[in-house]
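Hi everyone, thanks for coming. Have a look at the screen.

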Amino acid sequence: MILHPWHDDASVRDGGVTYRHFAVTIKSNVNIVTSVISALGDFARAMSELFHERYDPSHVGLIISYEWTGSLLGSLAKRFLGRPLITSIHSVESMRTSEKSLLSLSIRGLEMYLLYFSDLVVARSEEAYARALAEYKVPSDRVRMALTSRDMTSIVMEVLEGP
Amino acid sequence: MKVLMLSWEYPPRIVGGLARHVYWLSKALAQRGVEVTVITLDYPETPRIEREKGLKIVRVASHGFTSSDFASWVHQFNLNMIEAALEEEDVSLIHAHDWLTATAGITLKHLLRRPLIATIHSTEHGRRRGEFRETLQRHIHEVEWWLAYESWKVIVCSNYMKSELMNYLGVPEDKISVIPNGINPFELKLQFDVSEVRRRYAEDWEKIVLFVGRMVYEKGPHVFVDAALSLLSRRQDVKFVLTGEGPMRKDLMDKVYKSGSWHKFYFTGFVEDVELFKLYEVCDVAVFPSLYEPFGIVALEAMSMGKPVVVSDVGGLSEIVVDGLNGLKVPPGDVWALSSAIERLIEDQRMAKEMGRNGAQRVRELYSWDVVGERTLRLYEQVLREYLSSPWKPKRFARKLS
């Protein structure tokens, strides 16, 4: 199942995948941080509808989130469902910008917190892997690298199947 | 019944009137057997968790992350509030105060599937007089709309605020409950040498006219100064004391200095509660010339001290004061009417005393925390009854969090 913010609420099934869009209420945002955090209420609404009314939450084995923006929603899902959280990162803030603006520092702070909160960080490039270790000091046993989708799939299966 | 109360300020973190409001409301509810957990922000040298007879205070980090601006900071501390709130068990309902805790309130409502009640103390539309020039203001306005939309019931402190919510946030009338703010008159009883304090501010032959409020446009300090200068052109037996801090203070001090009547004014700046209550005690008339006022708790404080008040006929002040009974009302921004009303109360001591007595009685009857706590509890009970008979609740799956 894929949950993602959109302009309306809808569920679409395609093959074995359910896409659940949830409408984001707050449109006039000050920056990306307010935009992502203010989407939490709508994300909680979507999760509440799904897991109070339609699906048994115990059937969820794992939560996978993408970048710090998705990881923020993923962290709420982890708290709600009590399942492990994998955060997949293609980059970290220092790769996206070299400036040290307050907004950038703010994103770095959130990114660090979320990578720590994740049960596993999967870096999708060598540089992201190196920076997660060097800049955010995520313990090395919780950072993996997956350069291809096949690598990612095998990591996910590994986590799902357990040690 | 267990209530999660969300507020960004709670004593000793006092920014505005909200901290005291949440403090006294939580106490009044706890006295009525409600289990209250207040989730609020940290404060130096204050424990993270405090407990006291049915009341639990949980303080979360206010600066866990770097913030680039006010809105980001607000949303970031909401993350910490959500985390702390999810540790609480058996929550019956969530009560969020103002847009500052909207993200946490709405998220918790959905995760826990428990009703959300919001108190909206003022609106961005009202504070900005409808002018949203910056994204931040539009953002706040939108979050206020969202909070009201997601809430089972919205509490406001006056009928004026009710109409503001209906007109500017589109809230249906039957969703709004008017419960005034309360004050605790017994808290204000102090023993001190009245004449000693009085002489700090005025000569024995001078009447003291007091303004209390932030020195911002909406509180009308400029109207007060203009009315004072007008009155001083007719009589000299008056001293005007302005209490409060804000961006207009320096300009007003300059204006008074240039008028040549600077010796008739006393700008105290911000004063602590104890000094403020002494000022109420020694003043002859208290004046609240606001141009925008959702409620007007300062007028209640003066009334509880038995002081006659002159207020603008605006917002919550209009509802607190019955003209001629416990004070005088003047059109907002009307300098001449304000100076005349002040003069009436200075001239007619009997009338002023009578109004002071009536005001104190009105505060006891309508605005004590006992009354406010009882009315809030009745609203909680009503919401829980409606909730229990609704299909919207946790179902099918027993979850860890509920």
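This is a predicted model: local features need pLDDT of at least 70, side-chain atom pairs count only at pLDDT 80 or more; totals for chains, interfaces and linings use all residues.

If you count secondary structure in chain A, you get seven helices and seven strands. Reading along the sequence, the order is β-β-β-α-α-β-α-β-α-α-β-α-β-α. Of the 163 residues in chain A, 39% are buried. And if you take the contacts in chain A with a separation of 6 or more, 46% of them join residues 24 or more positions apart.

Now, how does chain A meet chain B? On the chain A side, 31 residues are in contact with 32 residues of chain B. Several helices of chain A each supply at least two residues to that side, among them helix 2 (40-54) and helix 5 (102-117). By class, the chain A side divides into 14 nonpolar, 13 polar and four charged residues.

Over to chain B. Chain B is divided into domain 1, which is 2-182 + 368-388, and domain 2, which is 186-366. The C-alpha centres of these two domains of chain B lie 31 Å apart. Where they touch, 14 residues of domain 1 are in contact with ten residues of domain 2. On the domain 1 side, helix 6 (residues 159-168) of chain B gives the largest share, three residues. That side of domain 1 has five nonpolar, eight polar and one charged residues.

Next up, the inside. The largest nonpolar core has 159 residues, and those with the most contacts inside it include A132(A), V287(B) and I342(B). Helix 2 (residues 70-85) of chain B gives the most to this core, with nine residues. Which residues does I342(B) touch, leaving out those up to four places away in sequence? They are V209(B), A227(B), L231(B), V285(B), V287(B) and V310(B).

Most residues other than glycine have a negative phi, and most peptide bonds are trans. With that in mind, look at the peptide bond from P11(B) to P12(B): that one is cis, with omega near 10 degrees. You'll find P12(B) in the loop between strand 1 (2-6) and helix 1 (18-31) of chain B.

Then there are two aspartates in chain B. D90(B) isn't a glycine, yet it has a positive phi of about 55 degrees. D90(B) sits in the loop between helix 2 and strand 5 (93-97) of chain B. D98(B) isn't a glycine either, and its phi is positive too, about 65 degrees. The loop holding D98(B) runs between strand 5 and helix 3 (102-112) of chain B.

So are these two buried or exposed? D90(B) has 8 other C-beta atoms within 10 Å, so it counts as exposed, since the cut-off for that is 12 or fewer. D98(B) has 23 of them within 10 Å, so it is buried, because that takes 20 or more.

That's it from me, happy to take questions.

Definitions and conventions:
Residues are numbered from 1 along each chain as its sequence is written. Chains are lettered from A and ligands numbered from 1 in the order in which they are written. Domain bounds come from an automatic or database domain assignment. Two residues are in contact if their C-beta atoms, placed from the backbone, lie within 7 Å. Helices (H or I, at least four residues) and strands (E, at least two) are DSSP runs, numbered from the N terminus. Ala, Val, Leu, Ile, Met, Phe, Trp, Tyr, Cys and Pro count as nonpolar, Asp, Glu, Lys and Arg as charged, and the others, Gly among them, as polar. A nonpolar core is a set of buried Ala, Val, Leu, Ile, Met, Phe, Trp, Tyr and Cys residues joined through C-beta atoms within 7 Å.
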